[in-house]
Amino acid sequence: MSKLNIGIILGSTRQGRLSPQVGEWVKSIADQRGDANYEIIDIADYKLPLLGEEDAAEQATAWNTKLASLDGFVFIVQEYNHSISASLKNALDYAREAWNNKAAGIVSYGSVGGARAAEHLRGILGELSVADVRVHPALSLFTDFENGAVFKPADLHLVNVNGMLDQVVAWSGALKPLRQN
């Protein structure tokens, strides 16, 4: 059986965002495992306008094609005003079937570990028929980021990242037959 393809989705498009640092860290851990093909997916690369505001057929097609090629996801989610970023919500809304019957893990960060954003994302993922896994690495802006800008995660997060990836890979594999019907 071929390896699963797991996208690590950067959940922000904002200038000065920290998600690329967190995403690269998760990918470096994931690549050492050898159990799936991991790829960083930056929603900023797709230049999706606000849904319904202008014709975005080209961007939407590219976005949906990329999502359809993936078996599962890891969302890198930062907390903005107790929720996910507007750009991530917009990107989620641009696809429907491409999300269905896949698994996702969440790595969040914020003043309380991004927990509120992760909980909002879980509700949205449920509506998109994405099975979110339980293990949830939550990173603190106070202890895992130096001066709020340089990502320096505590070693204790390795256990949670690997536990989350174990679940994402297992659930993505288990859900794959549903997508082949």
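Residues are numbered from 1 along each chain as its sequence is written, and side-chain values use heavy atoms, with hydrogens and water left out. Because the model is predicted, local features need pLDDT of at least 70 and side-chain atom pairs count only at pLDDT 80 or more, while totals for chains, interfaces and linings use all residues.

A salt bridge here is a side-chain nitrogen of Lys or Arg within 4 Å of a carboxyl oxygen of Asp or Glu, and the count by this rule comes to 13.

Select Asp42 and Arg17 to begin: their closest N and O atoms are 2.6 Å apart. Asp42 sits in strand β2 (residues 36–42) and Arg17 in the loop between β1 (4–10) and α1 (19–33), 25 residues apart; helices (H or I, at least four residues) and strands (E, at least two) are DSSP runs, numbered from the N terminus. Both residues are buried, where buried means under 20% relative accessible area, exposed over 50%, and partly exposed in between (1.4 Å probe, protein chains only).

Next, select Asp71 and Lys176, a salt bridge whose closest N and O atoms are 3.6 Å apart. Asp71 lies in the loop between α2 (57–68) and β3 (72–78), whereas Lys176 belongs to helix α5 (residues 157–179), 105 residues apart, and both are buried.

Then move to Arg96 and Glu127, which form a salt bridge at 3.3 Å, N to O. Arg96 is partly exposed, at 38% relative accessible area, and Glu127 is exposed, at 53%.
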